[in-house]
Amino acid sequence: MSFQVYKQHKLQDQIENLAYEWAIEDVCEYYGVEEPAELNQEQVDEIFAYSESDECYEGYVGIALRTICDQWEMEQEGE
């Protein structure tokens, strides 16, 4: 049997979670909110645009920011 790293999906989940928590902290601090639900459409659009830009060069950060935007959208639809 050749070498293999097991449970890579668990590592991926942990890295994505860490990036998500890190991104939420930056988003809340920058926009002066307690939680992403307090953001407005313009702010969410700005976050999404950044997540798709060359400035956001780390894939996990982009994923985390798009997740924040997606969750915000779902909360808005639920209201």
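Me: Where is E58 found in this predicted model?
Reply: E58 is found in the loop between α2 and α3.

Me: Why is E58 called partly exposed?
Reply: Its relative accessible area is 38%. Buried needs under 20%, and exposed needs over 50%. The value for E58 falls in between, so E58 is partly exposed.

Me: How far apart are the C-alpha atoms of E58 and A19?
Reply: They are separated by 9.8 Å. Along the chain, these two residues are 39 residues apart.

Me: What makes E52 and R66 a salt bridge?
Reply: The closest N and O atoms of E52 and R66 are 3.3 Å apart. The cut-off is 4 Å. The distance is within that limit, so the pair counts as a salt bridge. E52 sits in helix α2 and R66 in helix α3, 14 residues apart, and the pair links distant parts of the chain. By this rule the count of salt bridges is 1.

Me: Why can such side chains pair at all?
Reply: Side chains of opposite charge can do so when their charged atoms come close.

Me: Is R66 buried, exposed or partly exposed, and how do you know?
Reply: R66 has 24% relative accessibility. Buried would need under 20%, and exposed over 50%. R66 therefore counts as partly exposed.

Me: How many disulfides are there?
Reply: The count is 0.

Me: What makes C56 and C69 count as buried or exposed?
Reply: The cut-off for buried is under 20%. C56 has 10% relative accessibility, so C56 is buried. C69 has a relative accessible area of 3%, so C69 is buried too.

Me: Which residues touch the most other members of the largest nonpolar core?
Reply: They are V27, Y31, L39, I47, L65 and I68, out of 17 residues in this core. α1, α2 and α3 each supply at least two residues. α1 gives the most, with 7 residues.

Me: Which residues is I47 in contact with, leaving aside its neighbours within four places in sequence?
Reply: I47 is in contact with V27, Y31, L39, L65 and C69. Each pair counts because heavy atoms lie within 4.5 Å.

Methods:
Residues numbered from 1 in each chain as written. Predicted model: local features only at pLDDT ≥ 70, side-chain atom pairs only at ≥ 80, totals over all residues. Heavy atoms only, no water. Core = buried A, V, L, I, M, F, W, Y, C linked by side-chain atoms within 4.5 Å. Buried < 20%, exposed > 50% of the residue type's maximum accessible area, 1.4 Å probe, protein only. Helix = DSSP H or I, 4+ residues; strand = E, 2+ residues; numbered from the N terminus. Salt bridge = Lys/Arg side-chain N within 4 Å of Asp/Glu carboxyl O. Disulfide = S-S within 2.5 Å.
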